Amino acid sequence: MNPQFEKVSAELFSQYNNNVKPLIAEIEARGEVMPQPLFNEIRAFTDHIARCYREDITEECMCDELGKASRHIVRITLDCFKCLNILLFKEIEGFEHRTRNINLKVIDNGEFYPMYKQLRREAVETVKRAKLEESLDSQKALHLYDKAFNKYVEIENLLKSSTEEVKWAKLQFSARRMGKIALWLLAALLSGLLSLFISCDFLQTLLP
């Protein structure tokens, strides 16, 4: 076998084992399914490597196939990070939906909310920059998606560390809401009793 092929293919499989496989495992752990586009990219990668084993392949064709395989490795890695960022963003959206009526500014003596908003903004802006770079510089896009993923993980850890305080804030909100409902019911009851009293008093003036 061509020594150049052995060297390049070994590097590609090393990237797959050391970079791609851990990301795929992370996706499966978080999403419990493997997105179909990733299967397609992996199939395409292995297909280009397999073509290099043809007996009649030329040096030029081999280099071309290895180049295509390399681009698929980059594409797989990009797609993995994009998938993970989407999964983490959905987790954040779920948190925001569950706490939409809660005053998050009281958590951790007011330190939680500014940090959360800053990390969220940085993550979203980094993803936007990565999308713009995809067609210009795949390596730069890869770096930015990786950076955004780390930001989302920071947010995830922040949410986990504040779980108990968020629960307490929810209880406070529920207590205030129940208090308002109780006051409204009490006011309605008193208003009804007052109206009934006035009506009875008025009726007594009409009786002989």
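The expected span of a helix is 1.5 Å times one less than its number of residues. Helices (H or I, at least four residues) and strands (E, at least two) are DSSP runs, numbered from the N terminus. The structure is a predicted model, in which local features need pLDDT of at least 70, side-chain atom pairs count only at pLDDT 80 or more, and totals for chains, interfaces and linings use all residues. Residues are numbered from 1 along each chain as its sequence is written, and side-chain values use heavy atoms, with hydrogens and water left out.

**Exercise 1. Describe the secondary structure of the protein chain.**

Solution. Step one is the count: six helices and zero strands. Step two is the order, which from the N terminus on reads α-α-α-α-α-α.

**Exercise 2. Determine which residues of α2 are buried and how they are arranged around the helix.**

Solution. Buried means under 20% relative accessible area, exposed over 50%, and partly exposed in between (1.4 Å probe, protein chains only). By this criterion, the buried residues of α2 are Leu38, Glu41, Ile42, Ala44, Phe45, His48 and Ile49. Viewed down the axis of α2, these buried residues fall within an arc of 160° (taken from the directions from the helix axis to the C-beta atoms), so they line one face of the helix. Finally, the cover over the buried residues of α2 includes α1 and α3 (59-98).

**Exercise 3. Examine α1 for its length, its kink and its packing.**

Solution. First, α1 has 29 residues and reaches 40 Å from its first C-alpha to its last, close to the expected 42 Å. Second, a kink of about 40° lies at Val20, shortly before the proline Pro22; the bend at a residue is the angle between axes fitted to the seven residues ending there and the seven starting there. Third, the buried residues of α1 include Phe5, Leu12, Tyr16 and Val20, and the buried residues of this helix pack against α2 and α3. After α1 comes Glu32, whose phi is positive, near 65°.

**Exercise 4. Classify the aromatic pairs Phe13 with Phe45 and Phe112 with Tyr116.**

Solution. Rings of Phe, Tyr and Trp (its six-membered ring) pair if their centres lie within 6.5 Å; planes under 30 degrees apart count as stacked, over 60 as edge-to-face and the rest as tilted. This rule gives eight aromatic pairs. In one of them, the rings of Phe13 and Phe45 have centres 5.5 Å apart and planes at 70°, so the pair is edge-to-face. The pair links distant parts of the chain, since Phe13 lies in helix α1 (residues 3-31) and Phe45 in helix α2 (residues 36-51), 32 residues apart. Phe13 is partly exposed, with a relative accessible area of 36%, whereas Phe45 is buried, at 1%. Turning to the other pair, Phe112 and Tyr116 are stacked, at 5.8 Å centre to centre and 10° between the planes. Phe112 and Tyr116 are four residues apart in helix α4 (residues 112-133), so about one helical turn separates them. Both Phe112 and Tyr116 are buried.

**Exercise 5. Locate Thr126 and list what it touches.**

Solution. Thr126 is found in helix α4. With 4% relative accessibility, Thr126 counts as buried. Not counting residues up to four places away in sequence, Thr126 touches Leu144, Lys147 and Ala148, where contact means heavy atoms within 4.5 Å.
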